[in-house]
Amino acid sequence: MKDKMMDVEHECNKYIEERTEYKIYKHISEQLDLTNFVPRNYYELRNYCYYGYSNSLLRPKFWKLFLGYLPKNKFKTEFHLRERRKLYHFYHEKAHTVLMDNPGIDDAINKDVDRVCILPVTVGIEDSNIQQKCTFLDSSSDKLHRNALKRILLTFKVTNSSVGYTQGMHMVLIPIYYVFSTSSDIDDVKYAEEDAFFCFFNLMSEVGEHFVKEYDYDCTLGIRKKMNSVLELVKKYDIELYNAMERKKISETMFHLRWVSLLLCSEFDINQVLVLWDKLFSDSYRFEMVIYCCAAIIILMKKAIMESEFDECMSVLQATKKDDVLTVFALADKMRREHFSSGE
């Protein structure tokens, strides 16, 4: 009898959760739907995502909004998108003309995009080497997705000559393009390339200094400053761990360069990256949160770091698959709250 009561309670709780989920989905989708007259509440939408709401159906709209691609007044969205998409093609034609006059300016882009694999599947073994392909990027014989990525990056390089293209930028673009091109919305898919370009453009306007070589060794600007901030957070929250890293000379290396510069997109599988970026993009201080997430990853690896020698520590830190992303984010959020509450 007791077991039956527990089963009934479980089903009731499940029903309540499903009803709540549906209500939240309906409330949010009404705000994002261009044909619905319910206005957007930008701050409410950000709070939903930051505090855990994640929905693959709505994600393309969220990201376009949080990355500054959509106007905050949703009733101007249709005109805005039409003009932006036309502008992308103007930029791309200009980039193509530059390419014709300067063959080879896209060599680095082609090399990076051709070898990247975000959803690997083994297709065979040749000369004792495992042969893999990407179930997303290689899903069509005409290399539809890889070619779209190349066009976006070339267009960005030509229209942003001060930043240009640096190895690794393609990894920041891929999650954005992936979200749009795999959307259930026809327009998201149809205009995935155009929309991804502008979202990537806006994102790079915030993190582009990560890829400016002149800042690489400047401790007051760019990537070096942020890398130092990660270690300072570890020092603040776990001095024992920090001292061990100093003693083993781990902190003298640039093991977390990739973490910071690529917004952790190489440290988790693509589905976990999407959940993490839901939260990062919705945060008012989103790239500050990247620093806390990096520090949280190190702290969660404390046992391995404390017990291992330098080479093994570096192998652990540079491994491409980290702890569950929600565990990392929960610790990072807790650290930041404590930091703010302390008044520092």
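Hi everyone. Helices here are DSSP runs of H or I with at least four residues, numbered from the N terminus. With that in hand, let's walk through this predicted model.

Let's start in a loop. N160 sits between helix 6, residues 144-159, and helix 7, residues 169-181. Is N160 buried or exposed? Buried counts as under 20% relative accessible area, and N160 comes in at 15%, so it is buried. The side chain of N160 also makes a polar contact of 3.1 Å with the side chain of T159.

Now compare another asparagine. N129 belongs to strand 2, residues 129-134. This one is partly exposed, with a relative accessible area of 46%. If you look for F329, you'll find it 200 residues from N129 in sequence, and 36 Å away in space, C-alpha to C-alpha.

Next, the inside. The largest nonpolar core has 101 residues, and F62, I176 and W277 touch the most other members. Which helix gives the most to this core? That is helix 14, residues 286-300, with 12 residues. Please find W277 on the screen: leaving out residues up to four places away in sequence, it touches W63, V172, P175, I176, L262, L263 and C265.

Last stop, helix 16, which spans residues 310-318 and has C313, M314 and L317 buried. Why do these three fall on the same side of helix 16? Because they cover an arc of only 95 degrees around the axis. As for their neighbours, the buried residues of helix 16 pack against helix 12, residues 257-261, and helix 15, residues 302-307.

Key: Residues numbered from 1 in each chain as written. Predicted model: local features only at pLDDT ≥ 70, side-chain atom pairs only at ≥ 80, totals over all residues. Heavy atoms only, no water. Buried < 20%, exposed > 50% of the residue type's maximum accessible area, 1.4 Å probe, protein only. Helix = DSSP H or I, 4+ residues; strand = E, 2+ residues; numbered from the N terminus. Arc of directions from axis to C-beta. Contact = heavy atoms within 4.5 Å. Polar contact = N/O pair within 3.5 Å; in protein donor to acceptor, adjacent residues only side chain to side chain. Core = buried A, V, L, I, M, F, W, Y, C linked by side-chain atoms within 4.5 Å.
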